[in-house]
Amino acid sequence: TGGILAMATSSPFDPNTPYVLDSVSEEKLRAAGLTEGSDEYRAKRRELMEIMWSNKAVSEIYEPGSTFKIMTVSTALDLGVASMTDTFSCHGYYTVGGWRIKCHKAGGHGSGFSLAYGLQMSCNPTMMQLSERIGAENFYRYVEKFGYFRKTGIDLPSEGSTLFHKLENIGPTELATASFGQRFKVSIVGQLTAVAAVAKGGIAVTPHVVERVTDASGATVSRFSSGDAVRVIDREVAALVSQVLEEGVSGTGGAKNARVDGYKVAAKTGTSQKFDILDENGNSYLRIGSTVAYAPSDSSGIAVILVVDEPTG
C-alpha cells in the first residue's frame, strides 16, 4: 500500500545534544586538517552536523547498484525483448564502447545460462546485453515510469531528487552501467518505492507515514488517498520477476541469506561504488551495500530496503 511501518537511521547522533558532533563526524572534521575557529572549519562542522541530522532514508541519494537490476529485467520483459529462458554468456566482463566493464564474478558465470539465473546471480554482462536490446530511449522511459524522475510524495520533508543522465547523453557506456544501477543516484525511499511497484503486481504506490488524522473525539478529519492506480509494468511480468527473485532466495541465488523459514521472500542484493570520493590515484575505494526484499501475498505484503553506507567488513 505504500504505508511506512518502520524507518530508522543507525547513527551515534543523540537528539538530546543536537549540536555535539558524533564520534564519526568528529573524526572527519579532524581529518579535514582545518584550523579550529576559521571560516572553513565552521563551514565544515556545519556541513557534518546537517549530514548527522538528516533522515538518510529520505533525504540522501545513492547509487542503487544491483538492486536496480529488478527494474532492468522488468523493463526488458515488459517490452517483450527478452524472456526468462533466453540464454546469456559471461566471461567476467563485457566490452561496451571500447571499455571492458567487469562482472562482480571475476571468472564469469559461464555460457548458456538463462536470464533467470543471470538475475539471481546478479550478472552484470547479462544486464548490459539486456540494455542493448532495450535501447536508450526505452530505458529512459521506463526509469521515468518507475517514478525515479519525480518525488515519491512521501509525507516527510527534504526528499532527495534523482540524478540521472539526460536522454541525449546516454551512449552505449552510460546505458551499460545504468543497467546494473551505477553512475546515477536515487533516494533510498525512491528505490524502495520502485521495487514496491513490482511487489504490488506492477502498480505504483505512494509511500506515506500518516494513514489518517483524527480530532479529539476520534472522528476522522482526513485520510490518506493514493489516487488513481497507475500501472508501471504488466501484472504477469511483475509476477514472473517476483517468482524468479523468490526462487533465488529459496535456492542458491546471491540473496539466499534473505531466506526466512515459513515465508516466501523475494530479494535482491546490491553493491555500488562511491565515485564522488576518490583516493590519491583517482580510484573509488568506498562502497555501499544494500538489499531489497519483499514477502509477496495475494492480500498483503511487506517490502524492505537495507542500506549500509561504507561497510568495512
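**Entry 1: a buried phenylalanine**

I started at F68, which is buried, with a relative accessible area of 2%. I call a residue buried under 20% relative accessible area, exposed over 50% and partly exposed in between, using a 1.4 Å probe and protein chains only. A reminder to myself: this is a predicted model, where local features need pLDDT of at least 70, side-chain atom pairs count only at pLDDT 80 or more, and totals for chains, interfaces and linings use all residues. Residues are numbered from 1 along each chain as its sequence is written, and side-chain values use heavy atoms, with hydrogens and water left out.

Next I looked up the aromatic pairs. I describe a pair of aromatic rings by the distance of the centres and the angle of the planes. Rings of Phe, Tyr and Trp (its six-membered ring) pair if their centres lie within 6.5 Å; planes under 30 degrees apart count as stacked, over 60 as edge-to-face and the rest as tilted. How many aromatic pairs does this rule give? I noted nine.

The F68 and F139 pair is tilted, because the ring centres are 6.1 Å apart and the planes stand at 50 degrees. This pair links distant parts of the chain: F68 sits in the loop between β1 (61–62) and α4 (69–79), and F139 in helix α7 (residues 136–145), 71 residues apart. My helices (H or I, at least four residues) and strands (E, at least two) are DSSP runs, numbered from the N terminus. Both F68 and F139 are buried.

I then turned to F68 and F184. Their ring centres are 5.1 Å apart and their planes are at 75 degrees, so I wrote the pair down as edge-to-face. F184 lies in the loop between α8 (172–179) and β6 (186–187) and F68 in the loop between β1 and α4, so this pair ties together parts that are 116 residues apart in sequence. Is F184 buried or exposed? F184 counts as buried, because its relative accessibility is 3%.

Zooming out, I found that ring pairs link F68, F139, Y140, Y148, F149, F164 and F184 into a cluster.

**Entry 2: arginines over rings**

I count a charge as over a ring if NZ of Lys or CZ of Arg is within 6 Å of the ring centre and within 35 degrees of the ring normal. R183 lies over the face of F275, at 3.6 Å from the ring centre. I also noted R100 over the face of Y93, at 3.8 Å from the ring centre.

**Entry 3: salt bridges**

Side chains of opposite charge can pair when their charged atoms come close. My rule for a salt bridge is a side-chain nitrogen of Lys or Arg within 4 Å of a carboxyl oxygen of Asp or Glu. The structure holds eight of them.

I looked at helix α2 (residues 39–53) for the K44 and E47 pair, which lie three residues apart, about one turn of the helix. The closest N and O atoms of K44 and E47 are 3.8 Å apart. K44 counts as partly exposed because its relative accessibility is 24%, and E47 is partly exposed at 40%.

R46 and E50 are also both in helix α2, four residues apart, about one turn of the helix. Their side chains meet in a salt bridge at 3.1 Å, N to O. R46 is partly exposed at 42% relative accessibility, and E50 is partly exposed at 42%.

Which residue forms a salt bridge with D276? I found K185, with the closest N and O atoms 2.7 Å apart. D276 lies in the loop between β9 (266–273) and β10 (287–295) and K185 in the loop between α8 and β6, so the pair ties together parts that are 91 residues apart in sequence. D276 counts as exposed, at 52% relative accessibility. I also noted that K274, D309 and E310 are linked in a network of salt bridges.

Strand β7 (residues 212–214) and strand β8 (residues 220–223) pair in the antiparallel sense over three bridges; I take two strands as paired if DSSP finds at least two bridges between them. T214 stands opposite T220 in β8. The two strands form a hairpin with five residues between them, and G218 in the turn has a positive phi of about 95 degrees.

S122 has a positive phi near 60 degrees in a residue other than glycine. S122 sits in the loop between α5 (115–120) and α6 (124–134) and is buried, with a relative accessible area of 8%. S158 also has a positive phi, about 60 degrees, although it is not a glycine. S158 lies in the loop between α7 and α8 and counts as exposed at 58% relative accessibility.
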